[in-house]
Amino acid sequence: MAANFWASSHSKQLLDPEDVDLVPAADRERGITTEEFRLVKIHMSSHIWRLAQQVKVRQRVIATAITYFRRVYTRKSMSEYDPRLVAPACLYLASKVEESTVQARLLVFYIKKMCAGSDDKYRFEIKDILEMEMKLLEALDYYLVVYHPYRPLLHLLQDAGVTDLTQFAWGLVNDTYKMDLILVQPPYMIALACIYIASVLKDKDTTSWFEELHVDMNIVKNISMEMLDFYETYKVDPQRGLSDEKISPIMNKLPAKA
């Protein structure tokens with residue numbers, strides 16, 4: 001189930017949970033706190049999602065783009081790598097890696113359409129996206145293969161005999177990309193946590209099945225609790241992300257567009 005993952009570059013880049021929210025020095029100097037750093041990642045992950053819906057790419061492309069976005073900021077600052085540009089550039093790069101290429105001009109068109117009458121700091125030209133793509137490749141050390149929980153989720157649901165939970169559990173997996181879980185946990189463990197939550201909320205008894213898997217249930221439950229805590233703490237509008245009142249003051253701390 002997880003053999004290919006453990007041999008991958010993805011597995012070698014898994015981080016400790018405390019490392020993903022370390023605010024780079026350049027951002028700390030601009031007054032960006034750990035919580036604000038987290039809020040920008042949540043908001044821009046939602047921005048990638050909305051932009052991807054406009055250009056109509058597969059779920060896997062969106063998940064890969066968000067993974068790139070989050071991974072970049074474990075290595076680079078938001079002051080140096082403007083998240084408003086990094087987000088569409090990650091989607092552009094992910095679409096090529098996942099063989100579902102989106103033209104940069106389409107991204108530019110839809111960004112302008114989405115941001116019409118609002119913050120022009122989100123608007124970029126084709127050359128901006130292409131230049132940022134090159135910077136992203138370097139920031140990611142050219143490690144572009146990402147394993148996602150979707151495939152193991154389907155396999156595990158079938159094995160557990162609870163395929164009627166597929167839609168609900170799939171939605172939970174989608175929500176994990178609002179967090180940094182993909183950077184710190186193996187995809188199959190994320191899938192198991194989503195099945196665990198789904199089975200509890202939908203009153204399905206999967207206790208004996210989990211016991212037969214011989215996985216560390218403490219990890220599964222910890223991931224589940226982290227997800228439930230996220231739902232409790234952050235109210236993310238799927239159409240707008242976080243509110244302007246919450247996100248604009250943070251974005252204003254970043255350097256102005258040249």
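1. Is lysine 204 buried, partly exposed or exposed? Lysine 204 counts as partly exposed, because its relative accessibility is 32%; buried means under 20% relative accessible area, exposed over 50%, and partly exposed in between (1.4 Å probe, protein chains only).

2. Basis of the note. The model is predicted, so local features need pLDDT of at least 70 and side-chain atom pairs count only at pLDDT 80 or more, while totals for chains, interfaces and linings use all residues. Residues are numbered from 1 along each chain as its sequence is written, and side-chain values use heavy atoms, with hydrogens and water left out.

3. The salt bridge of lysine 204. Its partner is aspartate 164, with the closest N and O atoms 2.6 Å apart; a salt bridge is a side-chain nitrogen of Lys or Arg within 4 Å of a carboxyl oxygen of Asp or Glu. Lysine 204 lies in the loop between H12 and H13 and aspartate 164 in the loop between H9 and H10, so the pair ties together parts that are 40 residues apart in sequence. Helices (H or I, at least four residues) and strands (E, at least two) are DSSP runs, numbered from the N terminus. Aspartate 164 counts as exposed, at 52% relative accessibility.

4. Other salt bridges. The structure holds 14 salt bridges. In one of them, the side chains of aspartate 21 and arginine 38 meet at 2.8 Å, N to O. Aspartate 21 is in the loop between helix H2 (9–12) and helix H3 (25–28), and arginine 38 is in helix H4 (residues 34–55), so this pair ties together parts that are 17 residues apart in sequence. Aspartate 21 is buried, with a relative accessible area of 16%, whereas arginine 38 is partly exposed at 25%. Another salt bridge joins lysine 178 and aspartate 175, with the closest N and O atoms 3.1 Å apart. Here lysine 178 counts as partly exposed at 26% relative accessibility, and aspartate 175 counts as buried at 18%. Salt bridges that share partners also join Asp21, Glu35, Arg38, Lys41, Arg70 and Asp180 into one network.

5. Arginine 70. This residue lies in helix H5 (residues 59–72) and is buried, with a relative accessible area of 2%. The arginine 70 side chain makes a polar contact with the side chain of serine 45 at 3.2 Å, and reaches the backbone oxygen of lysine 41 at 3.5 Å. A polar contact is a pair of N or O atoms within 3.5 Å; within protein, one must be able to donate a hydrogen and the other to accept it, and residues adjacent in sequence count only if both atoms are side-chain atoms.

6. Aromatic pairs. There are 9 aromatic pairs in the structure. The rings of phenylalanine 5 and tryptophan 6 have centres 5.0 Å apart and planes at 70°, so this pair is edge-to-face. Rings of Phe, Tyr and Trp (its six-membered ring) pair if their centres lie within 6.5 Å; planes under 30 degrees apart count as stacked, over 60 as edge-to-face and the rest as tilted. Phenylalanine 5 is buried, with a relative accessible area of 4%, and tryptophan 6 is partly exposed at 44%. The rings of tyrosine 196 and phenylalanine 210 have centres 5.8 Å apart and planes at 80°, so they too are edge-to-face. This pair links distant parts of the chain: tyrosine 196 is in helix H12 (residues 187–201) and phenylalanine 210 in helix H13 (residues 207–213), 14 residues apart. Ring pairs also link Phe5, Trp6 and Tyr147 into a cluster.

7. Lysines over rings. Lysine 135 lies over the face of tyrosine 81, at 4.6 Å from the ring centre. Lysine 202 lies over the face of phenylalanine 168, at 4.7 Å from the ring centre. A charge sits over a ring if NZ of Lys or CZ of Arg is within 6 Å of the ring centre and within 35 degrees of the ring normal. Phenylalanine 168 belongs to helix H10 (residues 166–176) and is partly exposed at 31% relative accessibility.

8. Most residues other than glycine have a negative phi. Aspartate 141 has a positive phi of about 55°, and tyrosine 142 has a positive phi of about 65°. Aspartate 141 is found in the loop between helix H8 (126–139) and helix H9 (150–160), and tyrosine 142 is also in the loop between H8 and H9. Aspartate 141 is partly exposed, with a relative accessible area of 45%, whereas tyrosine 142 is exposed at 54%.
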